[in-house]
Amino acid sequence: MYSWSKRILWVDLSRGEFREWRYPGEMAKMFLGGRGFAAKILWDHLKPGTDPLSPDNLFVVAVGALTALPGPNTGKVVVAAKSPLTGGYGDGNIGSWASIHLRAAGWDAVVIKGALEKPGVLVIEDDKARIDSAEDLWGLDAFTTHDKLTERYGKNAGFLIIGPAGENLVRYATVVAQKGRSGGRPGMGAVMGSKKLKAIVVKGTKRPELFDPDKYMKFAREAIRETKSSPNYDFWMRQGTMMTIEWSQNASVLPTYNFREGVFDDYERIGGNYMEKIKVEVRSCPYCVMSCGHTIKDSEGQKSELDYENVAMLGSNIGIGRLEDVGVLNRLADMLGLDTISLGNTLGYALEAAERGKLELDARWGEFRKIRKLIEDIAYRRGVGNLLAEGVKRVSEKVGETWYAMHVKGLEISAYDCHAAPGMALAYATSPIGAHHKDAWVISWEVQHGRFNYDRPKVQKVIEQQRIRGGFFESAVACRFPWIELGLSLDHYVRMFNAATGLSYTLDDFFTVADRIYALIRMIWIREMDGWSIEMDMPPERWFKEPLTKGPLKGAKLDKDKFIEMLKMYYEERGWASNGVPKPETLKKLGLDDAVPLAEKYAAEK
């Protein structure tokens with residue numbers, strides 16, 4: 001086997017120990033890397049019932065067989081752990097030079113356990129690792145920390161950093177890179193914070209060994225050419241994901257006032273067309289051929305890197321209709337290390353609860369200055385910010401009104417309203433980390449092919465996208481945008497993968513790997529939750545209870561009985577029991593025999 005190093009670095013912060021694990025090649029074949037490796041490591045090595053913020057939690061940083069190789073958008077790394085926000089499996093991907101350097105250092109993953117007594121930085125330089133002091137960095141925002149690390153370790157390094165939100169254990173704190181790249185929505189930054197780990201610095205000087213380098217480069221060049229020749233390439237380079245504001249408004253799925261509505265009166269002032277007029281810079285992840293980091297000068301005169309999710313959640317969802325002000329909130333979140341999606345969702349719930357007289361809050365819809373202060377209070381856990389730092393599920397349980405708390409499994413819904421989108425609601429309901437769009441962005445397909453259907457083809461489309469997006473791309477590890485946004489054929493990835501590794505995988509083989517990963521992650525959840533029920537896979541009650549009151553789809557809402565039928569179709573298609581537990585025979589077929597006893601304990605169907 002080629003491309004993989006077959007080496008994982010294990011770090012015990014409490015003991016100050018570093019060791020190399022040469023894992024079996026079969027693990028690479030079965031799980032690919034990235035999310036697959038993270039799930040396998042957490043299943044095998046994390047003690048059930050571990051407190052996510054205790055030293056015993058494992059923090060995993062993992063790359064894949066395609067990471068950092070020449071090709072379209074391969075500069076990604078996955079961070080994973082047991083989530084302090086949901087209590088289940090949590091992960092996220094980040095575009096970062098840390099991905100390039102981790103591969104160049106000769107490691108496929110880093111697994112970190114224990115905790116430091118004083119703040120520190122994990123430094124990995126090729127085969128060696130050490131802990132440097134970070135006492136002078138603790139308390140600094142992520143952007144300032146990035147500058148300090150660059151001064152200390154040089155520009156030729158990759159950094160994964162936490163801000164004050166991670167230090168203060170905000171449950172949706174993220175890991176930050178490159179002053180605007182942020183990942184690990186389910187609290188991966190808080191896990192680093194609990195370990196007193198301010199940053200990870202990686203410097204590598206090697207190259208992955210490929211099976212057929214010449215053939216690989218031929219396929220990579222072909223993929224890059226096809227990406228750049230897409231009819232949509234020029235428009236993408238002008239607006240990136242920001243074009244989705246106008247699309248979502250037209251489709252009545254733009255989250256507005258805590259997902260009450262799917263249209264926003266001031267959408268034009270926060271949309272891609274307006275952004276294009278005031279854009280000052282475009283940024284990208286390493287090895288990217290279709291930059292998506294469109295940057296504006298915000299209302300405080302600073303640069304803010306925007307995309308659809310953070311603008312919708314910190315704009316229309318909380319009633320702010322001025323892009324320059326949204327830019328401030330987005331930049332502030334990135335500096336503090338807060339997930340913009342969960343932040344905008346939690347703020348939306350808090351503003352609605354205040355409107356209903358259920359929560360004392362010195363802010364109302366659209367009050368930019370007061371909301372700005374509230375964001376800082378969340379990161380530093382001051383006043384009501386201490387409650388809001390817990391995430392929308394815990395906040396709603398404290399307030400006593402949960403039906404308009406927009407989450408699944410404790411992870412806040414990302415920026416697509418689903419009053420009239422049962423397929424996207426199913427994608428949120430069955431995402432392996434809680435409600436997130438990255439696993440199956442089925443809503444565009446759904447709008448084109450019948451948004452009010454609750455049928456098996458829609459279920460199959462959700463699973464197909466989960467296999468590609470959440471299975472292959474999250475484990476290979478590479479960015480999905482060339483495929484989903486510009487139509488790059490998946491055949492390119494199959495050819496590149498086989499030329500790199502020396503294997504002969506087909507797309508069906510990758511789908512089997514994806515099914516294995518999804519089943520194993522579900523078993524991690526079942527183990528941590530001590531059982532399972534269909535209620536864990538249900539979207540927010542608001543979408544069933546309260547119809548849209550504005551826009552072309554006024555009156556629309558989800559049908560709960562039909563949705564439950566669709567969810568059970570999903571279980572059938574995956575070979576899971578009627579309560580959402582993978583069947584023993586399904587696990588055996590996927591080579592997950594060690595998970596069978598747990599499935600037998602909780603399966604609804606014998």
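Reader: What is the order of the strands in the open sheet of six strands?

Author: The order is E2-E1-E6-E3-E4-E5, and the pairing is mixed. Strands (E, at least two residues) and helices (H or I, at least four) are DSSP runs numbered from the N terminus, and two strands pair if DSSP finds at least two bridges between them. This is a predicted model, in which local features need pLDDT of at least 70, side-chain atom pairs count only at pLDDT 80 or more, and totals for chains, interfaces and linings use all residues. Residues are numbered from 1 along each chain as its sequence is written, and side-chain values use heavy atoms, with hydrogens and water left out.

Reader: Now Pro72: is Pro72 buried or exposed?

Author: Pro72 is buried, with a relative accessible area of 1%; buried means under 20%, exposed over 50% and partly exposed in between, with a 1.4 Å probe and protein chains only. Pro72 lies in the loop between E3 (59-62) and E4 (76-82).

Reader: What does Pro72 touch?

Author: Not counting residues up to four places away in sequence, Pro72 has contacts that include Ala223, Tyr287, Pro482 and Met496. Contact means heavy atoms within 4.5 Å.

Reader: Which residues of helix H16 are buried?

Author: In H16 (residues 392-399), they are Val392, Val395, Ser396 and Val399.
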